[in-house]
Amino acid sequence: GQSTQWWKNSVVYQIYPRSFNDSNGDGIGDLEGIIEKLDYLVELGIDVIWLSPIYKSPNDDNGYDISDYQDIMTEFGDLETWDRLISTMHEKGLKLVMDLVVNHTSDEHPWFQEAKKSKDNPYRDFYIWRPPNEDGKEPNNWLSFFSGSAWEYHEPTGEYFLHLFTKKQPDLNWENPEVRHKVYDMMRWWLDRGVDGFRMDVINLISKVEGLPDAPVTKPDDEFQWGSDYFANGPRFMEFMQEMKEEVLDHYDILTVGETGFVTPEEGKQFTNEDSGVLSMLFQFQHMDVDAQPGGQMGKWEEKDWKLTELKEIMSTWQVELFNKGWNSLYLENHDQPRSVSRFGDDGEYHDVSAKMLATWLHMMQGTPYVYQGQEIGMTNVHFPSIDDYEDVEIRNLWQDMVVEKGHDPDKILKAIHEKGRDNARTPMQWDSSENAGFTSGTPWLKVNPNYDQINVEKERENPDSIFHYYKKLIALRKQHEVIVNGDHTLIWPEDEEVYAYKREHEGQKLVVVTNWTGETIERPWPEDVNFEEALVMIHNYNDAPDASKDGMKLRPYEAVVYHQQ
Ligand code: TEU
Ligand code: CA
C-alpha cells in the first residue's frame with residue numbers, strides 16, 4: 001500500500017449528525033449545521049471527523065439502515081452540501097472519515113426490494129434466505145442484537161431472511177461475489193470524491209459459518225440464543241478483507257477503522273498488522289464489556305460490579321500486544337455507549353475533575369484517540385422518566401420484549417436504560433444555555449438533557465479551566481511529544497484497585513500517568529523509577545500543584561497527573 005500512516009498522529013472527533021447541530025429548525029441535525037461548527041472543531045485541535053451515516057435511509061436505526069449508498073439522507077442535505085462540507089473541511093486541514101455500513105442494508109434498498117420479489121430474482125442471493133425449519137419455524141435459533149429472532153418471515157415467497165439487527169436491516173450475503181464487488185465500487189466512488197477513510201460498521205460480522213448452525217443454548221428459558229460464535233470473525237472474514245484491501249484500500253492513503261466486537265488482542269494484532277493486516281486500527285469492545293454480564297449483547301443490561309484491575313488487564317494487554325505490531329484506537333464513548341463521565345467517573349460533585357481524569361487516562365495511551373461529540377464538555381447520561389421519551393430502536397425493542405411480552409419489572413428495565421441505553425449519547429449537543437441548548441430553533445427529535453444550562457459549549461469556552469480547554473491541551477500535547485504517540489506501555493502498581501498508573505517510554509523520554517479512580521483522597525508512594533527532582537508536571541486536572549514529595553503523593557478525588565522526565 002501507499003499509506004503514510006498519518007492517522008497515527010491524529011485525533012478523531014465523531015459526529016452523530018442527527019444530534020449535532022440543526023441549521024434549519026426541523027429539529028434534526030444536518031450537514032449545513034456541521035459546516036457552521038467546523039471552526040469549533042478546529043479550535044479543539046482535532047484532525048479528523050468520523051461522520052456517522054449520512055446516506056439515504058428510512059431511519060429505523062438512525063442511518064445504519066441504508067437505502068441508497070450514493071446519496072444523502074433528505075433530512076441531512078444533499079450531495080452538493082456534502083461536497084461543500086468536505087471541501088471546507090479540507091481547506092481547514094480536517095479530514096473526513098465516513099461510516100461504511102455493509103453488513104446489511106435497509107429493507108428499502110433497491111437490492112432488497114428486488115430480492116423479495118421472487119426466489120429467482122437476480123438479487124435474491126444478495127441476502128441470506130432460508131426456508132422454514134421442519135416445524136415451520138425460524139431456520140435457526142439466533143437472537144438478534146436488538147431482541148427477538150434474527151429471522152423474519154417473508155410470506156409471499158415463503159422464506160425467512162436473516163437480520164442480525166432490526167428486521168428492517170437484512171444482512172447482505174457476502175458469499176456472493178457480486179455483492180462484494182458492488183460494495184467495492186461504491187467505496188471507490190466515495191474515495192474518488194475525496195473521502196479520507198472509513199469506519200466500518202460491524203465489519204467482522206460479514207462472514208457467517210456455513211450451514212448457519214443453531215447457537216448453543218445458554219439461556220434455557222429463552223426462545224432465542226446468542227450466536228456470535230457463528231457470525232463474528234467468521235471463516236472467510238480475512239479473505240473478504242484481503243480482497244477489499246487489494247481492490248480498494250491499498251490504492252488510497254486512508255484511515256480504516258473496523259468496528260469489531262468479539263475480538264481478542266491476538267486477533268486485533270492480526271487485523272491491524274502493518275504488513276499482513278487489513279485495517280489501520282479497530283474498535284475493540286473488551287473495555288466496554290467490563291461493566292456488563294457475559295453472554296452476548298443482552299448482558300449489557302445486567303449490572304456487574306467490576307474492578308479497576310480488570311480494566312487494567314484489558315487495556316494494558318491491548319497496549320502491550322499491539323506495540324510495534326498493530327495499532328490501537330482509543331475510545332470511551334460513541335453513539336452506542338453511555339456517557340463516560342456518568343459511567344466511569346462522577347457526574348455529580350466531581351464532574352469536572354473526573355471527566356478530565358478519564359480524558360488524561362485515555363489520551364496518554366498509545367493509539368488514535370476518538371472524542372465523541374459532547375465528551376469534550378463532559379456531557380452526561382440522561383434519565384428520562386418514561387419509555388415514551390426514548391427513540392432508539394434497541395431500547396424500544398428491549399422494552400417491547402422484556403416489559404410488554406415477558407412481564408419484567410418496568411422500573412428495573414427503565415433503570416437499565418438510564419445506565420446503558422444508547423440515547424444517553426444521542427441527546428442533542430449542548431451548545432449554549434438558550435432553549436433546546438442552541439441545538440435547534442424547532443422541536444428536537446430527541447429531548448435535550450435538562451442539564452444543558454450547566455453543561456454547554458459556550459460556558460466551557462469561557463472558562464479557561466473547563467473540560468473543553470483541558471481536552472485542547474491534551475490534544476495539543478500529543479502533537480508536541482513523540483513519546484505520547486510512540487512510547488511503550490508499562491503498568492505501575494498493577495494490583496491497585498483505586499489508582500490506575502502507567503508509564504510510557506520512548507528514546508529517553510518518560511511519561512508517568514497517575515490517575516485516581518475514586519472520590520476519596522488517597523496516598524501512594526512516589527513511583528519507583530521516576531526522579532522527583534527531574535520530573536515535570538506535563539498536565540494536571542486540579543488548578544493548584546499536585547501534592548507530592550520524594551516520600552509520596554496525596555491524590556485528591558479523581559486527580560490525574562502526568563509527569564514527564566527526559
Ligand atoms: O453497532 C454494532 C453493535 O454491535 C451495537 O449493537 C453495539 O454493540 C450496541 O449498540 C451497544 O449495545 C453498530 C452501530 O454502531 C450501531 O449504531 C448500529 O445500530 C449497528 O451497528 C447496526 O448497524
Ligand atoms: Ca435540520
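Q: In this predicted model, which residues of helix α12 are buried?
A: Helix α12 spans residues 393-405. Part of what covers its buried residues is α13 (410-420). The buried residues of α12 are Val393, Glu394, Ile395, Leu398 and Trp399.

Q: Which glycine takes a positive phi just after α12?
A: The phi is about 70 degrees. The residue sits just after the end of α12. It is glycine 407.

Q: How many residues does the largest nonpolar core have, and which have the most contacts inside it?
A: The core has 138 residues. Helix α11 (residues 351-363) gives the most to this core, with 7 residues. The residues with the most contacts inside the core are Ile49, Val97, Leu358 and Val513.

Q: How many residues make up the other core, the one that includes Phe384 and Tyr390?
A: This core lies apart from the one of 138 residues. Ile395 and Leu398 are also among its members. Both are buried residues of helix α12. The other core has 9 residues.

Q: Which residues does isoleucine 49 touch, leaving out those up to four places away in sequence?
A: Isoleucine 49 is one of the residues with the most contacts inside the largest nonpolar core. Val97, listed with it there, is among the residues it touches.

Q: What is the radius of gyration of the chain?
A: The chain has 566 residues. A compact globule with that number of residues would have a radius of gyration near 24 Å, so the chain agrees with the rule. Its C-alpha atoms fill a box of roughly 75 × 55 × 50 Å along the principal axes. The radius of gyration is 24 Å.

Q: What share of the contacts with a separation of 6 or more comes from residues 24 or more positions apart?
A: The chain has 16 helices and 21 strands. Buried residues make up 49% of its residues. Among contacts with a separation of 6 or more, residues 24 or more positions apart account for 67%.

Q: In what order do β6, β7 and β8 form their sheet?
A: The sheet is open, and its pairing is antiparallel. β6 (129-130) and β7 (151-154) are the edge strands, each pairing on one side only. 2 bridges join β6 to β8 (residues 159-162), and 4 bridges join β7 to β8. The order is β6-β8-β7.

Q: Which residue of β8 is the bridge partner of arginine 130?
A: In β8, tryptophan 129 has phenylalanine 161 as its bridge partner. Tyrosine 153 stands opposite tyrosine 160. The bridge partner of arginine 130 in β8 is tyrosine 160.

Q: Which residue in the turn between β7 and β8 has a positive phi?
A: The two strands form a hairpin. There are 4 residues between them. One in the turn has a phi of about 65 degrees: glycine 158.

Q: Is tyrosine 558 buried or exposed?
A: Tyrosine 558 lies in the loop between β20 (552-555) and β21 (560-565). Its phi is positive, about 55 degrees, although it is not a glycine. It has 27 other C-beta atoms within 10 Å, and 20 or more are needed. Therefore tyrosine 558 is buried.

Q: Is asparagine 324 buried or exposed?
A: Asparagine 324 is found in the loop between α9 (308-322) and β12 (329-330). Its C-alpha atom is separated by 41 Å from that of glutamate 458, 134 residues apart along the chain. Because asparagine 324 has 9 other C-beta atoms within 10 Å, it is exposed.

Q: Which residues come nearest to ligand 1?
A: There are 14 residues around ligand 1. By class, the shell has 5 nonpolar, 2 polar and 7 charged residues. Those that come nearest are Asp61, Tyr64, Phe145, Phe165 and Asp336.

Terms used:
Residues numbered from 1 in each chain as written. Chains lettered and ligands numbered in written order. Predicted model: local features only at pLDDT ≥ 70, side-chain atom pairs only at ≥ 80, totals over all residues. Buried ≥ 20, exposed ≤ 12 C-beta atoms within 10 Å, placed from the backbone. Core = buried A, V, L, I, M, F, W, Y, C linked by C-beta atoms within 7 Å. Contact = placed C-beta atoms within 7 Å. Near = placed C-beta within 6 Å. Nonpolar A, V, L, I, M, F, W, Y, C, P; charged D, E, K, R; others polar. Rg over C-alpha atoms; globule rule 2.2 N^0.38 Å. Pairing = 2+ DSSP bridges.
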